[in-house]
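Visitor: I am new to this structure. Please show me how to read it.

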Amino acid sequence: MKPARLCEITCGQTDARLMAPGDRARGFVGKRGRGWLLEVHHPDPARVEPPCPHYGHCGGCSWQHLSYPAQLSYKAETVHRMLAAESVPPPVASPSPWLYRTKVELSFGASGELGFMRQGRWNQVCPVDRCLIGPPCNHAALQATREWQHLHALPGWDARNQTGLLRWLVLRHSSTTGQWLAVLVTQGEVPAAELAIELTERGATGVLLARQSSTAGAVKPDSVELLAGNDQLIERLGELNFELSWRSFYQANPPAYLRLLETAKRWVGPVERLLDLYCGIGTIGLFLEPGQLTGVESVPEAIENARANALRNQRSGRFEVGPAEEWPDLSCDLLVLDPPRSGCHPKLIKRLAAEGPETLLYVSCNPARLAEEMKVLGQRYRLERLQCFDFFPQTPHIEALCLLRLK
Ligand SMILES: C[S@@+](CC[C@H](N)C(=O)[O-])C[C@H]1O[C@@H](n2cnc3c(N)ncnc32)[C@H](O)[C@@H]1O
């Protein structure tokens, strides 16, 4: 096997993490673009000291070594390059570059650790006490859970041997009401009622126990029990209130999301018939206040939330569970697409390129995937407006809002 070469490397030339675009550095280059950073001999002037003690070990927040303005400008350059857009205005900054993330999924590891997955490892957990992008209540939840775990000597999950009891602690926080939910996911019976008391004393407004038999590396419980409090959270976006269950998708940075929604509303103006595909709990459709609203989403709990959210805000709308790509009728005045990171189903992109409506509003958390889809959508649509919003400070990710019109 050919050994990795030691040479000068630049950011983007390999998948070497923790580099800054302006760094001059040495590292190893292996096969298929694999790269490892050895030393930075001329650092990018935008480098700063990463404040988190878990930086470099934990799999998240890999851009903490860049100043926030530099993160924004590098993100704008990336989107510009990917979408070959004529000009990309600077991204709208997150109202807070720290403490913004409303949902985290912490893993239990084989030696009893509780934290985030270690960088580049599928079976090792990096223990964390405090995560600087999450709210302070996460710290209290982590402490209480760790104490309870140690008191009862409960084993975490050994991913290699697929043994153990405790799997995940999912924490979800409302940025506007301060409510927070803790969901313990286990592979067997544990004295969870005691943990529920501890968490409630530290401010949790709901504690749930999710029992899972699947040994897959993702949360897929067979049953969920409410142990204390309420199983829903309320979030406020502008004038509207939204309820959400722990299983429903909600944007991780609500204050930044509100800016995106306000911009979308300004761009599209009054709308009569709106079709909201990948609608989640109904936020975009309800916020844009169309004459007639239809929302489609694959998670049943999210659709229950969307129906309740329409009533809660005295709005009307039809919300249906199902795959967006199978929705039979695409006729509307505005079609909203807000797919997961993997993008829209190719079948839906093909249908839109053949019979899509006059205007599409595309909300993308993966502009690289959107650029691929534009190769097909571009047969029928032109990109009329583009604005990026930084939903994910300290990471390379960015959210793009695009308005597409028939050519
Ligand atoms: C990025 S989220 C957007 C949710 C919502 N628009 C919002 O802003 O909160 C993507 C949503 O698509 C849903 N989803 C994933 N695949 C789907 C599919 N094939 N058809 C319909 N919905 C899907 C997910 O459950 C998730 O709620």
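Guide: Start with the classes of residue: Ala, Val, Leu, Ile, Met, Phe, Trp, Tyr, Cys and Pro count as nonpolar, Asp, Glu, Lys and Arg as charged, and the others, Gly among them, as polar. The shell around the ligand holds twelve nonpolar, five polar and three charged residues. This is a predicted model, where local features need pLDDT of at least 70 and side-chain atom pairs pLDDT 80 or more, while totals for chains, interfaces and linings use all residues. Residues are numbered from 1 along each chain as its sequence is written.

Visitor: Which residues come nearest to the ligand?

Guide: A residue is near a molecule if its C-beta atom, placed from the backbone, lies within 6 Å of it. Of the 20 residues around the ligand, Phe249, Tyr278, Gly280, Ala324 and Asp338 come nearest. Helix H5 (283-288) and strand S14 (292-297) each give two or more residues to this shell. Helices (H or I, at least four residues) and strands (E, at least two) are DSSP runs, numbered from the N terminus.

Visitor: In what order do the seven strands of the open sheet run?

Guide: Strands of a sheet pair through backbone hydrogen bonds, either parallel or antiparallel. Two strands count as paired if DSSP finds at least two bridges between them. Here the order is S6-S5-S4-S7-S8-S9-S10, with mixed pairing. Strand S6 (125-127) and strand S10 (223-229) are the edges, each pairing on one side only.

Visitor: How many bridges join S9 and S10?

Guide: Strand S9 (residues 206-211) pairs with S10 in the antiparallel sense over six bridges. Gly206 has Gly229 in S10 as its bridge partner.
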